Amino acid sequence: MGSVAVNWKNMLTGPAPTIAADPVAGLDAESDDHAPRLAALTAGLALADPRERLRVFAERLPRRLVFTTSFGIEDQLLTHHILGDGLPIDVVTLDAGRLFPATYTLWQTTEERYGRRIRSMQPDGPALAALVARQGINGFYGSRDARLACCGVRKVEPLGRALDGAAGWITGLRADQSGARGAVSLAAWDGERELLKLAPLFDWSRERVAAECDRLAVPINPLHAQGYLSIGCEPCTRALAPGEPERAGRWWWEQDEAKECGLHVGADGRLVRGAAPA
Ligand code: SF4
């Protein structure tokens, strides 16, 4: 892949950049100089809203884009823009088989609202059978390793299939969701999966997302109003007490601050984050 098509250093230090500066020229999985290109992309879209960011990703990135939704409030806002605007982005969910009934109902409601099927990725049958035979149906409570094994079979392996051949992976991550997610940025290079990881809501607060969903009448999970701010599998999610951090209700019996299921974690155990401008 050739050299950078924009003077990204000037973009970062000069007047506010515009999208017309073509911040994603040549940016794809074959690029060999991701840092400046990601800096250009982030600078070029700094002032854009999430809807515009999604539109630019869909228009300018050359190969398949996948958006994974767990039907949380951030994902619902992105789903609204992707499906409402008919963007050529695959919308996929990882059906771990242990979701809340309210989440399955929201899944159906969302498909009916936007008139499009959301692709479901299921755990590999033999692998799931072997997992349950080995550790029991609720074996994930037994140890952190057992929990990660369950997340691995029910979520991480299906995610790999969902992203196979994709140039970009769009998520609803926000930087202020937790300390571990604090360095999430608009665009990061996921070297293990060899794709761009894009977070159009990285600089939005939960309150801003909620207000936008309200303004646009986006369907959201009724569990949010009952104290479930971050919603995953039913046996691994509890409601928050007032003042608790947003992700404290996920795997609450574990003491580790980094409440992650492995979807956003690299081989070194750290979150795949945005690349800082070089
Ligand atoms: S969140 Fe819980 S039930 Fe869901 S895959 Fe992970 S360990 Fe298994």
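Tutor: Around the ligand there are 13 residues, and those that come nearest are Cys150, Cys151, Arg154, Cys233 and Cys236; a residue counts as near if its C-beta atom, placed from the backbone, lies within 6 Å of the molecule. This shell has eight nonpolar residues, one polar and four charged. Here Ala, Val, Leu, Ile, Met, Phe, Trp, Tyr, Cys and Pro count as nonpolar, Asp, Glu, Lys and Arg as charged, and the others, Gly among them, as polar.

The model is predicted, with local features needing pLDDT of at least 70 and side-chain atom pairs pLDDT 80 or more, while totals for chains, interfaces and linings use all residues. Residues are numbered from 1 along each chain as its sequence is written.

Now the packing. Helix H6 (residues 125-135) packs with helix H7 (residues 144-163) at about 165°, the axes being 10 Å apart. Helices are DSSP runs of H or I, at least four residues long, numbered from the N terminus. Axes are lines fitted to C-alpha atoms over the stretch in contact, and angles run from 0 to 180 degrees between N-to-C directions. H6 is therefore roughly antiparallel to H7, a term for angles over 145 degrees. On the H6 side the contact uses Ala127, Leu128, Leu131 and Gln135, and on the H7 side Ala146, Ala149, Cys150, Val153 and Glu157; contact means C-beta atoms, placed from the backbone, within 7 Å. Seven of these residues are nonpolar, one is polar and one charged.

Definitions and conventions
Helices (H or I, at least four residues) and strands (E, at least two) are DSSP runs, numbered from the N terminus. Angles under 35 degrees count as roughly parallel, over 145 as roughly antiparallel, 65 to 115 as roughly perpendicular and the rest as oblique. Two residues are in contact if their C-beta atoms, placed from the backbone, lie within 7 Å.
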